[in-house]
Amino acid sequence: MKRHPDGRFRGNRSSIQITTKLLISRWVEREVIRLKRMGVASFETIAELLTRAGRGEYVPTVSLPEGVTFPPDYRISKMGCSKAYRRRMENEPSFEAREHRRLDTDRCEEMFLSLQPAIKKGDPKAIEAGVRVLTLKARVVGYEPPGKLELSSKGGTPIPITLVREVIERVKQEDDDDD
């Protein structure tokens, strides 16, 4: 098996020389991860920051490799940033992925808490946004709601929905009586 100069294995189709394009792509991966950790939420914003950094209009958070110059018309799309993020997360240890999940969960909770006053007033846009935030949180954490939920008895037969509603009403009445 052939190796790169830094000792890593390389495939038959990859060259021995490390190209500027490869260095730029690794820098993009590191910068995307760094910006995500800092709290920049959208890949669109990250793409804009990376484009400006490549053109020299913005100072990046991750230092550029020595001797790397970007083309004058350098540009990266939000999909490119998303792919770079995904590539880098595949190589990160699992505790790093858990940390990102925890950060995203905390951000979702903060967004939902900021929507609470408007939701309580009945603002339809705030309610829609709240539902989207909760859906995103479910996707990030990994517990999306099932498509169909069916309650069954010990024998395996389905419980009628009317019976379930009656039980819920009884529990509510008992709670009201206790107050």
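A residue counts as buried when its relative accessible area is under 20%. A salt bridge needs a side-chain nitrogen of Lys or Arg within 4 Å of a carboxyl oxygen of Asp or Glu. Keep both cut-offs in mind for Glu31. This residue is buried, yet it has no salt bridge. The nearest side chain of opposite charge belongs to Arg34, and it is 6.7 Å away.

The model shown here is predicted. Its protein chain holds 6 helices and 0 strands. Along the sequence, the pattern reads α-α-α-α-α-α. The chain has 179 residues, and 26% of them count as buried. Take the contacts in the chain with a separation of 6 or more: residues 24 or more positions apart account for 53% of them. The accessible surface comes to about 13,500 Å². Carbon and sulfur atoms supply 54% of that surface.

Start with helix H1, which covers residues 20-38. Glu31 sits in this helix. What does Glu31 touch, once residues up to four places away in sequence are set aside? The answer is Leu50, Pro60, Thr61 and Val62.

Now turn to the charged pairs. Side chains of opposite charge can pair when their charged atoms come close. The model has 3 salt bridges by the rule above.

Glu29 takes part in one with Arg26. Their closest N and O atoms are 3.0 Å apart. Both residues belong to helix H1, and they are 3 residues apart, so about one helical turn separates them. Is Glu29 buried or exposed? Glu29 is buried, because its relative accessibility is 3%. Arg26 is partly exposed, with a relative accessible area of 34%.

Glu29 has another partner. Its side chain also meets that of Arg87 in a salt bridge, at 2.7 Å from N to O. Arg87 lies in helix H3 (residues 78-91) while Glu29 lies in helix H1, so this pair ties together parts that are 58 residues apart in sequence. Arg87 counts as partly exposed, at 38% relative accessibility.

Lys137 is in helix H5 (residues 124-141) and Glu109 is in helix H4 (residues 94-121), so the pair links parts that are 28 residues apart in sequence. Lys137 counts as buried, with 17% relative accessibility. Glu109 is partly exposed, and its relative accessible area is 35%. Which residues do shared partners join into one network? They are Arg26, Glu29 and Arg87.

The last stop is helix H6, residues 161-178. Which residues gather in a patch of negative charge on the surface? They are Glu174, Asp175, Asp176, Asp177 and Asp178. Asp176 lies in helix H6. Its relative accessible area is 56%, so Asp176 is exposed.

Ile159, Leu163, Val167 and Val171 make it, and its area is about 290 Å². Val171 has its place in helix H6. This valine counts as partly exposed, at 41% relative accessibility.

How values were computed
Residues numbered from 1 in each chain as written. Predicted model: local features only at pLDDT ≥ 70, side-chain atom pairs only at ≥ 80, totals over all residues. Heavy atoms only, no water. Patch = residues over 30% accessible without salt bridge, like charges linked within 9 Å, V, L, I, M, F, W, Y side chains within 5 Å. Areas by Shrake-Rupley, 256 points an atom, 1.4 Å probe, with all protein chains shown as cover. Lys, Arg positive; Asp, Glu negative; His and termini not counted. Charge placed at Lys NZ, Arg CZ, Asp CG, Glu CD. Helix = DSSP H or I, 4+ residues; strand = E, 2+ residues; numbered from the N terminus. Buried < 20%, exposed > 50% of the residue type's maximum accessible area, 1.4 Å probe, protein only. Contact = heavy atoms within 4.5 Å.
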